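Hi everyone, thanks for making time this morning. I'd like to walk you through a model, one interface at a time. Let me put it up on the screen.

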Amino acid sequence: MLRVRAVFEKTGRAKYISHLDLNRCMLRTFRRSGLPIWYTEGFNPHPYYAFALALSLGFESKCEILDFNITDDNMSMNEIRDRLNAVMPEGMGILSVEEQKLKITAIAKAEYSFSMVTDEPEELMKDVEKLLSGESILIEKKTKKGIKTVDIKPDMEIIGCEKTDRSVDMIMRLPAGTQTNYNPTLFVEALKKSGAHPFEDEKFVRRAILCGDNTVFR
Amino acid sequence: MELKEKIEKHLLEVQKPSRYIGGEVGSIIKDKSKVDVRFAFCFPDTYDIGMSHLGMKILYSLTNERENYWCERCYAPGEDFEAIMRENDIPLYALESLDPIKEFDFIGFTMQYELSYANVLNMLDLAGLPVFADERGDELMNIVVAGGPCVCNPEPLADFFDIFILGEGEEVNLELMDLYWEMKQKGCTKLEFLRAAAQIEGIYVPRFYSFEYNEDGTIKKMNVTDGAPEVVRKRIIKDLDSVYYPENFVVPFTEIVHDRVSVEVLRGCIRGCRFCQAGFIYRPFREKHTDTICKSTKCLCENTGYDEVSLASLSTSDHSEIDPMLTELIDYTAKERINLSLPSLRVDNFSESLLEKIKKVRKSGLTFAAEGGTQRLRDVINKNVNEEEIMNTCRISFAGGYTSVKLYFMMGLPTETDEDIVGIADLADRIIDLFYSIENRPKGRGVQISISVATFVPKPFTPFQFEPQDTKEMIEHKQKLLMDSVKSRKVKVSYHDPNVSRLEVILAKGDRRLCKAIYTAWKKGCKFDSWDEYFNFDKWMEAFDECGIDTSFYANRRFDYDEILPWDHLDYLVTKEFLIRENKTAHKAVTTPNCRLRCSGCGVNKKVGRECFC
Ligand code: SF4
């Protein structure tokens, strides 16, 4: 049995496919591909596949990870990739297919980019800098036990923060994986709450899924 | 800003956004510069419902087979998205190109139920088009057409449409588009096109017909102009086996009502239940061969990736090759781990081995459309199911482990008396007794009988088209009587809203004078009337009132046999004489055998030019 890890993109109109719908969509994609995917055993066998990280509705991604098993040991990774790509929906291409190396638990963070569109990029940039230079960035996070206030600042890594003539564009890394998951919209909310110049956030993209040492998760 | 950008700007604010942006697997994208005629196929309800509709899937694929024609899909937006569209000047658009449907040559609606009429007006309005056909200009463009079962009496919709397409669309739709393209190239006007279109069999152009009325409100006379035919006959496909069937469906991302492959096995029905419009307007009975059905199933499952398939027909058990067909389908689907969802089947003529196989795949509980509570009433409506059959099927199912039965009934059927209502409760009691009389019944659990009761809606082109619907008072009396008759707590009774049925019958049996009431109701905000949470009976009644329409004239009046009915100029192959004969037979509580046993001369065979069964 081949333990396969596929990296796929989710761009364009595909970003409106919710996580729940993506599950069903992948099931049908596998069926269309005719690949010998491994089924779980037991009373109600179903094809086994798992997404490493859920992606928020409306986010694009260049690095979604999908694990599944192929029962034919002799099948080449290229064949698996090509057969899936032939039947994937628009905007959802398989970028690479490899054998699974790391455990899912090795995922530690994810990198996102997004734009904040405003009529006063200058002003907004100042507001961003002010928020980032503060002591903490407190957000309210819904947990199973209710609403909790957390400081996301210690876990936030700013990779880029650029002003254009219409927006402030940011790239940041945030905790992701089985333990803590922060969404970049948390930062956006905090910025809005801080009284920043009005802006509209858009074009959220997940750029990479990373391990603790900043290497790409594979 | 481009329309796509405008849409995307707000898409995340609405529920299930993937319904509004297209891009599904199986959707067909063409280069519009190479397309001659564009057809926006609209379903007057939301995506979840419309995407489930088989007829639309067939015609979508069929039209797109033609390289120079492009058929796209369009559905009614949910209330949240509609508000955004109106606020941000987003016109109604088609899902493939995301172009406004106002730019399309044809805007076609499929009319599946009366309660979607107001949605048509809302969609035309959202598209930025006048809802009245005569306000849409004389340029050859935006031809608004409708098909589907409701257009067998399209009169209440006559003012809003340019063309009604009667019967099956596989051939006539393309003929219509061919004619359009030919005349468009010649620079013809809309009127010239409509005149020519009216000469095609199956095409009804309502503006060429007008009505005069008697003092009592009935129709006095119909006038025809512009050389249109006096009678318009519906179209049928003669050879169902060779007719086009799609090899692929558009596969939605979000869940829809019927989220599976659907394979057509036959058209028409041999049964002739007298209340059932489908049983008459889809005649004659035609079936596909087992081979064709199995090939379609396999091909569609492979191309769509669905793991569920259902068979589409009015009565699958009446297929002449039902045994080999199901055997082959069950074997294929089991091997491929596909669920085969089987409709309620008549089990009387099945082989033992097939019964065994069916038992394995069937998951849903047992449902029975008994329709009437006593044998006399079932004979009146020609529902050829007797108590012995109901009991037999229940016995087999109880022994097989089932503990719940769902029974469907209608209330307000012609000739119905209190005895028939009490009969419903009695039947339920006898099923309970039966359950406890079975030795190997499921142990530890009691039996559960659900009774679902709808109010009878008399429909055009049925033997009951002449019948009045029960008034509100009559229905309330019968509902109370049934409640009082049900003694056992193992029996649960539920009712459909009788007001819904009342609106249905008005719209189904109405004439052209209703157009302005539909318009008024829509203006008052009526839409999505088939949804409980939107249905507003009072607003509809206000609209009828304001337009001076007496609804009981349509709902509670017996139409005379020799009265000119609003749909008399439309020919659905079944003759009016036959419907009258059947109506009389019904009142004598005499049944008519099914078409396979004996032809009862409905007229279809003569018009089609061949016998239905040889
Ligand atoms: S012509 Fe005879 S067999 Fe054919 S549909 Fe009519 S009644 Fe049935």
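So, to get us going: into which domains is chain B divided? Chain B splits into domain 1, covering 3-233, and domain 2, which takes in 261-496 plus 574-587. Please keep in mind that what you see is a predicted model.

Let's stay with those two parts of chain B for a moment. Their centres, taken over C-alpha atoms, are separated by 33 Å. Where they meet, eight residues of domain 1 of chain B are in contact with eleven residues of domain 2 of chain B. Together the two domains of chain B bury about 800 Å², and 52% of that is on carbon and sulfur atoms.

What about charge pairs here? As a reminder, side chains of opposite charge can pair when their charged atoms come close. Between domain 1 and domain 2 of chain B the count is four salt bridges. Elsewhere on your screen you can pick out B:Lys459 and B:Glu114, whose side chains meet in a salt bridge at 3.3 Å, N to O. Across the interface of domain 1 and domain 2 of chain B there are also four residue pairs in polar contact, both residues at pLDDT 80 or more. By class, the side of domain 1 of chain B that touches domain 2 of chain B has four nonpolar residues, one polar and three charged.

Chain B is also where we find the surroundings of the ligand. Which residues surround the ligand? They are B:Arg283, B:Cys595, B:Cys599, B:Ser600, B:Gly601, B:Cys602, B:Asn605 and B:Cys612. Sorted by class, that shell has four nonpolar residues, three polar and one charged.

Now over to chain A. Chain A has four helices and ten strands, and along the sequence they follow the pattern β-α-β-β-α-β-β-α-β-β-β-β-α-β. The C-alpha trace of chain A spans about 60 × 35 × 30 Å along its principal axes.

Chain A has a domain assignment too, with domain 1 at 2-101 and domain 2 at 105-211. The C-alpha centres of these two domains of chain A lie 29 Å apart. At their interface, 13 residues of domain 1 of chain A are in contact with 14 residues of domain 2 of chain A. They bury about 990 Å² between them, with 66% of it on carbon and sulfur atoms. In domain 1 of chain A, the residues that lose the most area to domain 2 are A:Leu53, A:Phe59 and A:Cys63, together 57% of what that side buries.

How many salt bridges are found across the interface of domain 1 and domain 2 of chain A? The rule finds one. Have a look, too, at A:Arg206, which forms a salt bridge with A:Glu64, the closest N and O atoms being 2.9 Å apart. Polar contacts between the two domains of chain A come to seven residue pairs, both residues at pLDDT 80 or more. The side of domain 1 of chain A that touches domain 2 is made up of seven nonpolar, three polar and three charged residues.

One more pair in chain A: the side chains of A:Lys62 and A:Glu9 meet in a salt bridge at 4.0 Å, N to O. This pair links distant parts of the chain, with A:Lys62 in strand E3 (residues 60-70) and A:Glu9 in strand E1 (residues 2-10), 53 residues apart.

Last stop: the two chains together. Here 29 residues of chain B are in contact with 18 residues of chain A. The area buried between the chains is about 2,000 Å², and carbon and sulfur atoms give 53% of it. On the chain B side, B:Leu12, B:Phe253 and B:Arg337 lose the most area to chain A, together 28% of what that side buries.

The count between chain B and chain A is four salt bridges. Helix H1 (3-11) and helix H9 (290-304) of chain B are the elements that give two or more residues to the side touching chain A. By class, that side of chain B has 13 nonpolar, seven polar and nine charged residues.

That's my tour, so over to you for questions.

How values were computed
Residues numbered from 1 in each chain as written. Chains lettered and ligands numbered in written order. Predicted model: local features only at pLDDT ≥ 70, side-chain atom pairs only at ≥ 80, totals over all residues. Heavy atoms only, no water. Contact = heavy atoms within 4.5 Å. Buried area = accessible area lost by both parts, 1.4 Å probe. Nonpolar A, V, L, I, M, F, W, Y, C, P; charged D, E, K, R; others polar. Near = heavy atom within 4 Å. Domains from an automatic or database assignment. Polar contact = N/O pair within 3.5 Å; in protein donor to acceptor, adjacent residues only side chain to side chain.
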